[in-house]
Amino acid sequence: MPAAKTVSMLDLRAHAKQIVGQVRAGQALVLTYRGRPALRLEPIRLPTVEADDPFYRLTELAKRRGTSLTNRQIDDVVYGL
């Protein structure tokens, strides 16, 4: 496994905008403080919703003239809770 790319505090101070841009683009970095690894900078990966999530079938599950359901009732129907 290759060593992680590192960036020093000095570099971060001088080039914060570029470094943040690299991280946002997917590059994980190790920030060093006084020459020693201190923390990891990595992009936040937002959770993705699967295409087969039952939420996308709500219109199929809905009845045309039924009564309104609470959020809990909808969760029960969709996710079988």
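**Close-up views of a predicted model**

Tyr 56 counts as exposed because its relative accessibility is 51%, where exposed means over 50% relative accessible area, buried under 20% and partly exposed in between, with a 1.4 Å probe and protein chains only. This is a predicted model, in which local features need pLDDT of at least 70 and side-chain atom pairs count only at pLDDT 80 or more, while totals for chains, interfaces and linings use all residues. Residues are numbered from 1 along each chain as its sequence is written, and side-chain values use heavy atoms, with hydrogens and water left out.

**View 1. Tyr 56 and a nonpolar surface patch.** Tyr 56 sits in the loop that connects strand E3 (36–41) with helix H2 (58–61); helices (H or I, at least four residues) and strands (E, at least two) are DSSP runs, numbered from the N terminus. Together with Val 49, Phe 55 and Tyr 79, Tyr 56 makes a nonpolar surface patch of about 460 Å². Accessible areas come from the Shrake-Rupley method with a 1.4 Å probe, and for residues only the protein chains shown count as cover.

View 2. Three strands in the order E1-E2-E3 form an open sheet with mixed pairing, where two strands pair if DSSP finds at least two bridges between them. Strands E1 (6–8) and E3 are the edge strands, each pairing on one side only. From one strand to the next, the twist averages 35°. Helix H1 (residues 9–24) lies across E1, E2 and E3 and runs at about 135° to E1; axes are lines fitted to C-alpha atoms, for helices over the stretch in contact, and angles run from 0 to 180 degrees between N-to-C directions.

View 3. Strands E2 and E3 run antiparallel and are joined by five bridges, and Val 30 stands opposite Arg 40 in E3. Thr 32, in strand E2 (residues 29–33), counts as buried because its relative accessibility is 13%. Leaving aside residues up to four places away in sequence, Thr 32 touches Thr 6, Val 7, Ser 8, Met 9, Pro 37 and Ala 38, contact meaning heavy atoms within 4.5 Å. Arg 34 lies in the loop between E2 and E3 and counts as exposed because its relative accessibility is 75%.

Key. Patch = residues over 30% accessible without salt bridge, like charges linked within 9 Å, V, L, I, M, F, W, Y side chains within 5 Å. Salt bridge = Lys/Arg side-chain N within 4 Å of Asp/Glu carboxyl O.
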